[in-house]
Amino acid sequence: MTALALADPSDWMVASAEGIALVVIVTGLLQTMFCFVLLLYAAAALGTRSPVHRSATLWRRYSDQAPAISVLAPAYNEELSIVESTRSLLALQYPDFEVIVINDGSKDGTLARMTGEFGLTQVDRFVDWSVDHAPIRGFYASPRFPRLLVVDKENGGKADALNAGINCSRTALFCAIDADSVLESDALLRVVRPFVDEPELTIAAGGTIRIANGCKVDSGRISAIALPRNFLALVQIVEYLRAFLMARVGLGKMQALTVISGAFGLFRRRHVVEVGGYSHGTVGEDMELVIKLHRLMREQKQDYRIEFVAEPVCWTECPDSLAVLGRQRARWQRGALECFAKHRVMLFNPLYGRIGMVGFGHILLVDVLGPLLEVLGYVLVPLLWGLGLLALPWLLAFLAVTFMLGVFLSVATLVLEEIQLRRFPKARELAILAVIAVAENFGYRQLSNIWRLQGWWQFMRKQQGWGAMTRKGFAAA
């Protein structure tokens, strides 16, 4: 367009509209291209490391070499699910482990249910005060369950509770989980594999989180895998498959993983203590711990690996109401922004290698710019086309980026799941999820971005706190 033509105000308006559309579409394309790269890396990772399907085979290979693990389960107002979750932990197939449930000043009957169900009495316990946390009020144990210890402490938040668990643990490795989750019985044997294969290099490893809504739970184990009837829970199953089987497997393969879910992660205690444990004053404590570990090892110029292993599964209950899900997604967005702002010096900094270039580039594109530009596109691109300021090809390009490619990536992740892991026993369930993968792009995805904008607003206002998270408990078999 010539300078003479731009002298016309209407041409300036068209040029501005096209500029806005170009920024939105290019950003969307960059996100999609990055997702394609992640998908390829994930397929390569899953293809080169075939899963071991039989637990007995895992036991024969790794039980003699598997290091002892402390499983840390912070619990706040978890009386509905704490007993089932603890039973699942005590039933783990692993040669040497202890379970430490940290009651973080719950206001409900969490502690009473634990002491009553497991016959716990107050005991003494040595505590290594390596990282900071709120005062401990007491320890509870029982000779009937020698692997179990309950720590009762003043409320300080999840990060604070995990720090208390780290101080109370007696092993070189600890596994952080959510107390409202159910670990599959061989999950520890599967997630510890990188620590056995490369003990001098591996400092952390994460496993897969799956949605338990709709499944049957019997004595702390998933006895029947089934889909929920709630639409929001179904959509989250697709989201979790995409996040764990594509993004985290791919980033793990690249050695650029910036988050291991707080619901299931295995860490070398020595390095976590060295970075000061979990940080207070952030809701992204799981993400920030991984970033702090990367930063420590890079700045000390030490070789290390942070891995993601797809096969070990932790089942968790997801929100099935708009209010609770919206609060969760706003909090996740706020946590990602807090981590990015705190460690922004790592962005595109060669000192931090792949984690600075790829890992932080991914956060910038997906978590920082993603929701802002996508919502801007929802509002402005159709509006500008309706006003005649944008030509039809611009609108079609925006719709292609927004909908068609998103559908393809979701369906491709389902294909990966079926080829590699096959956790859904019936073809009908995969077909339902394929329909959901399409449907989520028409309404839910836009709503999700609105929740993420709320997270942006909370971050700008420096809002703290988690907000209420209502639990219904697992369905009994």
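This is a predicted model: local features need pLDDT of at least 70, side-chain atom pairs count only at pLDDT 80 or more; totals for chains, interfaces and linings use all residues.

Started with the surface. I found a nonpolar patch made of Leu-22, Val-26, Leu-29, Leu-30 and Met-33, with about 420 Å² of accessible area together. For the record, patch residues have over 30% relative accessible area and no salt bridge, with like charges joined within 9 Å and nonpolar side chains (Val, Leu, Ile, Met, Phe, Trp, Tyr) within 5 Å. A salt bridge here is a side-chain nitrogen of Lys or Arg within 4 Å of a carboxyl oxygen of Asp or Glu. Areas are Shrake-Rupley with a 1.4 Å probe, and for residues only the protein chains shown count as cover.

Residues are numbered from 1 along each chain as its sequence is written, and side-chain values use heavy atoms, leaving out hydrogens and water.

Looked up Leu-29 next. I see Leu-29 in helix 2 (residues 9–48); helices are DSSP runs of H or I with at least four residues, strands are E runs of at least two, and both are numbered from the N terminus. Is Leu-29 buried, exposed or partly exposed? Leu-29 is partly exposed, at a relative accessible area of 35% (buried is under 20%, exposed over 50%, partly exposed in between, with a 1.4 Å probe and protein chains only).

Then a covered helix. In helix 6 (residues 158–168), 11 of 11 residues are buried. Among them I noted Lys-158, Asp-160 and Cys-168.

On to packing. The axes of helix 11 (residues 285–299) and helix 12 (residues 322–342) come within 9 Å and cross at roughly 20°. That makes helix 11 roughly parallel to helix 12 (under 35 degrees; over 145 is roughly antiparallel, 65 to 115 roughly perpendicular, the rest oblique). Axes are lines fitted to C-alpha atoms, for helices over the stretch in contact, with angles from 0 to 180 degrees between N-to-C directions.

Helix 12 and helix 13 (residues 353–386) have axes that come within 10 Å and cross at roughly 130°. So helix 12 is oblique to helix 13.

Last, the backbone. Lys-301 has a positive phi of about 55° without being a glycine, and I place Lys-301 in the loop between helix 11 and strand 12 (305–316). Lys-301 counts as exposed at 67% relative accessibility. Lys-462 has a positive phi too, near 55°, and its relative accessibility of 69% makes Lys-462 exposed.
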